[in-house]
Amino acid sequence: MKNVILSADGLCKSFAHNGGQVHILSNIDLELYEGDLTVIMGASGSGKSTLLYALSGMDRATAGKVIYKDEDIVAMGEKKLAKLRRGDFGFIFQQMYLVSNLSLYENIVVSGWLNKERRTSQVKIHANELMEQMGISHIRSHLPSQVSGGEQQRCAIARAVINSPKLLFADEPTGALNRKNTTEVLNLLTSLNQAGQSILMVTHDLKAALRATRLLYLEDGKIVGNLVLSAYHPDKERSREEQVNAWLSSMKW
């Protein structure tokens, strides 16, 4: 039985518009489990990214609870939320948001130093290990503008995991990449997950969805589908794609 790492209870998100309320998320109940690579799919405008931001504390839910380590993220103050996002949570986005005047290495270590949980020497060692793992150690001194989009995203992944987060949030991490770089990034995320990293990813890309151990389908701000999968293996991708396609078809994707 897997342990619950984060849960949502009656989660809602809405905003005022033309004198009324527009509901983005509607009473979502959800449990995320340790070691899963959970992928959220759904049509454009279904609330996928909004759900990810609400679960991670990047955005405030209108109602409901998000429980992490027996505390409600929705009720946390900004200072405590910031500490949570620096330490226990990691983030990867479609746009990499690397600091343009820092080298790839500096982009990674600065994130580690901001957490203040490790000595400078420990952060440096871990950053070097991650750059080697991500295949970017040979361009460590390059600025983001001097490397490819795939290399930038690999740097962003290293930055996201420098503090050994309990849960990694990824919002369309391959959305701006070509096919080759997409595969490389997905291989890295799969490797991290199979080494024990818990990941929640939003995507519209079938190739990314195939890496999931669990798929959720969102429609009009509600979870309407849940598919549990075995661990990804490239030799079984064709049968996995057939299974996922059949499920997505049943969701009217």
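This is a predicted model: local features need pLDDT of at least 70, side-chain atom pairs count only at pLDDT 80 or more; totals for chains, interfaces and linings use all residues.
Let me begin with the largest pocket, which has a volume of about 420 Å³. Its lining is made up of 19 residues, and those that lie nearest the centre are Arg 85, Arg 86, Phe 91, Ser 111 and Arg 159. Which of them gives the largest share of the lining? That is H3, with five residues. By class, the lining of the largest pocket divides into 11 nonpolar residues, four polar ones and four charged ones.

The second largest pocket holds about 340 Å³ of space, and of the 14 residues that line this second pocket, Lys 69, Lys 83, Leu 84, Gly 87 and Asp 88 are the closest to its centre. Here H2 gives the most to the lining, with four residues. The classes in the lining of the second largest pocket are three nonpolar, four polar and seven charged residues.

While we are on H2, let me point out Glu 78, which lies in that helix. Leaving aside residues up to four places away in sequence, Glu 78 touches Arg 60 and Arg 85.

Now to the packing of the helices, starting with H3 and H5, whose axes come within 8 Å and cross at roughly 20 degrees. An angle under 35 degrees counts as roughly parallel, and H3 and H5 are therefore roughly parallel to each other. Their crossing is right-handed, and the contact is made by Leu 104, Asn 107, Ile 108 and Ser 111 of H3 together with Cys 155, Ala 158 and Arg 159 of H5. The residues of this contact divide into four nonpolar, two polar and one charged.

H5 also packs against helix H6, residues 179-194, at an angle of about 20 degrees, with the axes 9 Å apart, which makes H5 roughly parallel to H6. This crossing, too, is right-handed. On the H5 side the contact is made by Gly 150, Gln 153, Arg 154, Ile 157 and Val 161, and on the H6 side by Asn 181, Glu 184, Val 185, Leu 188, Leu 189 and Leu 192. Sorted by class, the residues of the contact of H5 with H6 are six nonpolar, three polar and two charged.

The last pair is H3 with helix H4, residues 120-133, which pack at an angle of about 135 degrees with their axes 9 Å apart. Is H3 oblique or roughly parallel to H4? That angle makes H3 oblique to H4, and the crossing of the two is right-handed. From H3, Leu 104, Tyr 105, Ile 108, Val 109, Gly 112 and Trp 113 meet Thr 120, Val 123, Lys 124, Ala 127, Asn 128 and Met 131 in H4. Eight of the residues in the contact of H3 with H4 are nonpolar, three are polar and one is charged.

To close, I would come back to H3, the helix with the largest share of the lining of the largest pocket, which packs with H4 and whose axis comes within 8 Å of that of H5.

How values were computed:
Residues are numbered from 1 along each chain as its sequence is written. Side-chain values use heavy atoms; hydrogens and water are left out. On a 1 Å grid over the protein atoms alone, a cavity is a set of points where a 1.4 Å probe fits but cannot get out, and a pocket is an open set with protein on both sides within 12 Å along at least five of seven lines; lining residues have an atom within 4 Å of a point. Grid points are joined across faces, edges and corners, and a volume is the space filled by probe spheres set on the points. Ala, Val, Leu, Ile, Met, Phe, Trp, Tyr, Cys and Pro count as nonpolar, Asp, Glu, Lys and Arg as charged, and the others, Gly among them, as polar. Axes are lines fitted to C-alpha atoms, for helices over the stretch in contact, and angles run from 0 to 180 degrees between N-to-C directions. Angles under 35 degrees count as roughly parallel, over 145 as roughly antiparallel, 65 to 115 as roughly perpendicular and the rest as oblique. A crossing is left-handed if the near helix is turned anticlockwise from the far one by less than a right angle, and right-handed if clockwise. Contact means heavy atoms within 4.5 Å.
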